[in-house]
Amino acid sequence: MRTDDFWQLIERARTGGGDPDAVAARAVALLAARDPEEIVGYAHHQQRVLAASYRVDLWGAAYLINGGASDDGFEYFRGWLMTQGREVFARAVADPDSLAELPQIRSASLSGEEFECEDMLAVPWDAYRKATATDLPGERAAIRQPDLNDFWDFDDEDEARRRLPRLAALFVEPPQE
């Protein structure tokens, strides 16, 4: 599966509403209608997308936005980020502070809403099982881990302001209602 095909499938799944779990369910249905080899290709591409987004600065953004982010929480945040489409995903990987521009992120600074979508991470496995009644062949590829020396203290408000100024303006000192 090519990059464009991967993101076009997600874009098609986004039609009908952007609720992350609904996007994931529609992605499963769309992918299950394809050949099993394409589902495997989607799985490989999803692993590459997740590896490219496994960045300390994006983890810091997820931590600010969601009020914390464990290993699993960061995975689920990136699943949610995939449901936002290619443009938002690419911009967030290149500049995590750009997430402060999204209306739902801005409103979350007041509401406390968290952004996660574990179901999006399971799309190829669910689609393959739906299409073939068997498990997706192979194991999930190991995702490249960031250098732990690159981590910064996500609870350090001054460091958050320095590294992610727009998100820090929303979440370190949230605006008053």
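Visitor: Which residues does the UniProt annotation "domain: DUF4240" cover?

Guide: According to the UniProt record, an unreviewed entry, that annotation covers residues 1-129. Please keep in mind throughout that the structure above is a predicted model. Over residues 1-129 the chain is 74% helix and 0% strand, and the end C-alpha atoms lie 18 Å apart.

Visitor: How should I read the packing of two helices, and at what angle do H1 and H3 pack?

Guide: Two packed helices are described by the angle between their axes and by the distance between those axes. Here helix H1 (residues 3-14) and helix H3 (residues 36-52) pack at about 90 degrees, with their axes 10 Å apart. Angles of 65 to 115 degrees count as roughly perpendicular, and H1 and H3 are therefore described as roughly perpendicular to each other.

Visitor: Which residues of H1 and H3 meet?

Guide: From H1 come Thr 3, Phe 6, Trp 7, Leu 9 and Ile 10, which meet Tyr 42, His 45, Gln 46 and Val 49 of H3. Sorted by class, the residues of this contact of H1 with H3 are six nonpolar, three polar and no charged.

Visitor: How do the axes of H4 and H5 cross?

Guide: The axes of helix H4 (residues 56-66) and helix H5 (residues 71-83) come within 10 Å and cross at roughly 90 degrees, so H4 and H5 are likewise read as roughly perpendicular to each other. On the H4 side the contact is made by Leu 58, Trp 59, Ala 62, Ile 65 and Asn 66, and on the H5 side by Asp 71, Phe 74, Phe 77, Arg 78 and Leu 81. This contact of H4 with H5 has seven nonpolar, one polar and two charged residues.

Visitor: Which residues touch the most other members of the largest nonpolar core?

Guide: In soluble globular proteins, nonpolar side chains tend to be buried together. In this model the largest nonpolar core has 58 residues, of which Tyr 42, Phe 77, Leu 81, Met 82, Leu 99, Met 120 and Leu 167 touch the most other members. H4 contributes the largest share of this core, with seven residues. Not counting residues up to four places away in sequence, Tyr 42 touches Met 1, Phe 6, Leu 9, Ile 10, Leu 31, Met 82, Met 120, Val 123 and Pro 124.

Visitor: Is Ser 98 buried or exposed?

Guide: Buried means under 20% relative accessible area, and Ser 98, at 4% relative accessibility, therefore counts as buried. Ser 98 is found in the loop between helix H6 (86-94) and helix H7 (103-111). Leaving aside neighbours within four places in sequence, Ser 98 is in contact with Arg 91, Ala 92 and Arg 166.

Technical notes: Residues numbered from 1 in each chain as written. Predicted model: local features only at pLDDT ≥ 70, side-chain atom pairs only at ≥ 80, totals over all residues. Heavy atoms only, no water. UniProt positions renumbered as here; feature names shortened; annotations may be inferred. Helix = DSSP H or I, 4+ residues; strand = E, 2+ residues; numbered from the N terminus. Axes fitted to C-alpha atoms, helices over the stretch in contact; angles between N-to-C directions. Parallel < 35°, antiparallel > 145°, perpendicular 65-115°, else oblique. Contact = heavy atoms within 4.5 Å. Nonpolar A, V, L, I, M, F, W, Y, C, P; charged D, E, K, R; others polar. Core = buried A, V, L, I, M, F, W, Y, C linked by side-chain atoms within 4.5 Å. Buried < 20%, exposed > 50% of the residue type's maximum accessible area, 1.4 Å probe, protein only.
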